[in-house]
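Dear colleague,

I am passing on the structure that we spoke about, and below it you will find some notes on a few of its parts. Please read them with the coordinates open beside you.

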Amino acid sequence: MRLPSLFTTLALAATSIPGFAQQGDGTRVAIATAIVKPDKVEATPARIAAVKAPAGFSVSAFATGLKNIRIIAVAPDGTVYVSRRDQGDVLMLKDANGDGRADGAPVTVANRAGAHGLAIRDGKLYLATVKEVFVADIRSDGTLGALQLLIGDLPDAGQHSNRTLAFGPDGMLYISAGSTCNACNESNPENAALLRASPDGKQRSIFASGLRNTIGFDWHPRTGELWSMDHGIDFLGDDEQPEEINKLELGKQYGWPHVYGAGGIYPQSTPQGDISKEDWKAHSTPMVLSYTAHAAPMQMLFYRGTGFPAEYQGDAFVTMRGSWNRSTPSGYEIVRVRFANGQATSVEPFVTGFLTDGGKTHIARPVGLAMAKDGSLLMADDANGVLYRVAYTGAGKATAALPTPPAGPMRQQAQRGDNVPLALVRPESAAGGAGAARLSVQSSAFSAGGAMLPKYTEYAEGVSPPLSWRAVPGAKSYAVIMEDPDAPNRPFVHWLAWNIPANVTSLPEGLQELPRLTAPEGVLQGRNTRGSMGYYGPKPPVGNPAHHYHFQVFALDTELPLGWGADRDQLLQAIQGHVLAKGEIVGRYAQKQAPMK
């Protein structure tokens, strides 16, 4: 078969840069790429019987004819729920007699357009669509009560609309929001990110960023650390970009869109703010392991049950939906990620044979993956609508399940920087000798102690207010830290900016929310408590008494050798011993009623 060979022009055409013009940098790259989409054929009993698994394992159909089934969640009593994105619903299946097949026809228990992500916790089922998260009580018969809207403002979807959900060992709800494009500078920092929300949906932050499309993620049962697989960039050739296995940590950036894999540079994109790609690379966390490019990793789980031999416990399984952008198809399988001492060490095929006729056809595109109550694995195929069951039928199964992952690592990350004084009175901001001089800070938008206009809050435009201060003799730069001590985090960091030039004593309204500014030139911005760069406006809970927002300005005797993206504590460590003067202006804001939608 002669395969299509398409060059850089196709890669450029498939990549959009919303609101940001490309700049020439001398790049000259020609990339041969292919579009090969194996045809779908019927999943007949004979073809299902030909699916391959390791010795001692069997693969069978748990249920058939389910159409576009995607994500799987299994309740403690064994009830199975599967989402169907194209049909916009959630199905319930049961295996009351334990024969490894669903009993009768599935029951539709929820209907929402674009239904996809599922999670179960404390007798409730959580459901994600493109922009919403709903919750419903699970009744005693497995059906659901009324769906209640928890979150209605997830970021727009674009190319990657498949939101997934999972509860972490810390009790928080983690939500994957993929990129809107193949490779671009996103305008919404919640895209290409993993989000962390309270179970009631009232608080939300960005846990990790630079993740093109991380559908599958789970916590290691022994260490409690969060692992994931991310989809690589398309149109880079057969073997680029590899699919990434990442260990996700709070505040880290994982390279996309400008850097990928172990440090590869994407040739077409341009970082904003005159940031070089080498600088972006220096701020990115490389992958831990790679897997075949374009295999398309989907749902992921760590095996904790007793249905498999003990050697499988603590390893992860991931479904690979399969390629369309590779001359020799990849994926169409379940893989096993081996772990040793809590670290990923290798990836290998586990269940194969869904790709048939020498790669010309397929009987399944694996998506959902979950452990059934009996310890077998369930896999959802969104092509032919078969729910597969992978069971171990040999001797020597594990005798005890692994415990729930420990909550400590996730809680420790989330609580860093909580319950501390405001930056202005922290010892790091103190000056030597006679102490720091008082710096007068003003805003033309509000008086000291006065109310801030809604446009400066996230309930409206969310633009930064104008600030000004008097020049300080000997200052080489200025820094700004905005904090809210009335927030539960005590304090919530809303804004970090530093290396404001010595000749700049005011900031205009509506600064760019980017890591580096070109006006004023060279100003760097850091990671706020929300997890984004630059200013994040007040958003106190509706009905709360007014919160107080401290805009603290520091005059420094040096420019800081601190890279963009730093957090508040890193900035305070950098200014220690360099403060000449400091001051603040405090604004107030209360949201009396819910905003109009």
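Two strands are said to pair here if DSSP finds at least two bridges between them. By that rule strand 32 (residues 467-469) pairs with strand 35, the two being joined by two bridges and running antiparallel, and within this pair Ser468 stands opposite Ser506 of strand 35. Please bear in mind throughout that this is a predicted model.

These two strands belong to an open sheet of three strands, whose order is 31-32-35 and whose pairing is antiparallel. Strand 31 (441-442) and strand 35 (506-507) are the edges of this sheet, and because each has a single partner strand, one side of each is left without a neighbour in the sheet.

The next part concerns strand 28 and the strands on either side of it in the pairing. Strand 28 (residues 377-381) is mostly covered, with five of its five residues buried. In a regular strand the side chains alternate between the two faces of the sheet. In strand 28, Leu377, Met379 and Asp381 point one way while Leu378 and Ala380 point the other way, and all of them are buried.

Strand 27 (residues 366-371) runs antiparallel to strand 28 and is joined to it by four bridges, with Met371 having Leu377 as its bridge partner. The hairpin made by strand 27 and strand 28 has five residues between the strands, and there Gly375 takes a positive phi near 90°. Strand 28 is also joined by four bridges to strand 29 (residues 387-392), again in an antiparallel arrangement, and Ala380 stands opposite Leu387 of strand 29. This second pair likewise forms a hairpin with five residues between the strands, and Gly385 in its turn has a positive phi of about 75°.

Finally, there is helix 5 (residues 568-575), in which Arg568, Leu571, Leu572, Ala574 and Ile575 are buried. These residues lie on the same side of helix 5, because they cover an arc of only 160° around its axis. Among the elements that cover them are strand 33 (477-484), strand 34 (492-501), strand 38 (547-556) and strand 39 (579-589).

Both ends of the helix deserve a look as well. Asp567 caps the N-terminal end of helix 5, where one of its side-chain oxygens lies 3.2 Å from the backbone nitrogen of Asp569, and just after helix 5 Gly577 takes a positive phi of about 85°.

With best wishes

Terms used: Residues are numbered from 1 along each chain as its sequence is written. This is a predicted model: local features need pLDDT of at least 70, side-chain atom pairs count only at pLDDT 80 or more; totals for chains, interfaces and linings use all residues. Side-chain values use heavy atoms; hydrogens and water are left out. Buried means under 20% relative accessible area, exposed over 50%, partly exposed in between (1.4 Å probe, protein chains only). The arc is that of the directions from the helix axis to the C-beta atoms. Contact means heavy atoms within 4.5 Å. A polar contact is a pair of N or O atoms within 3.5 Å; within protein, one must be able to donate a hydrogen and the other to accept it, and residues adjacent in sequence count only if both atoms are side-chain atoms.
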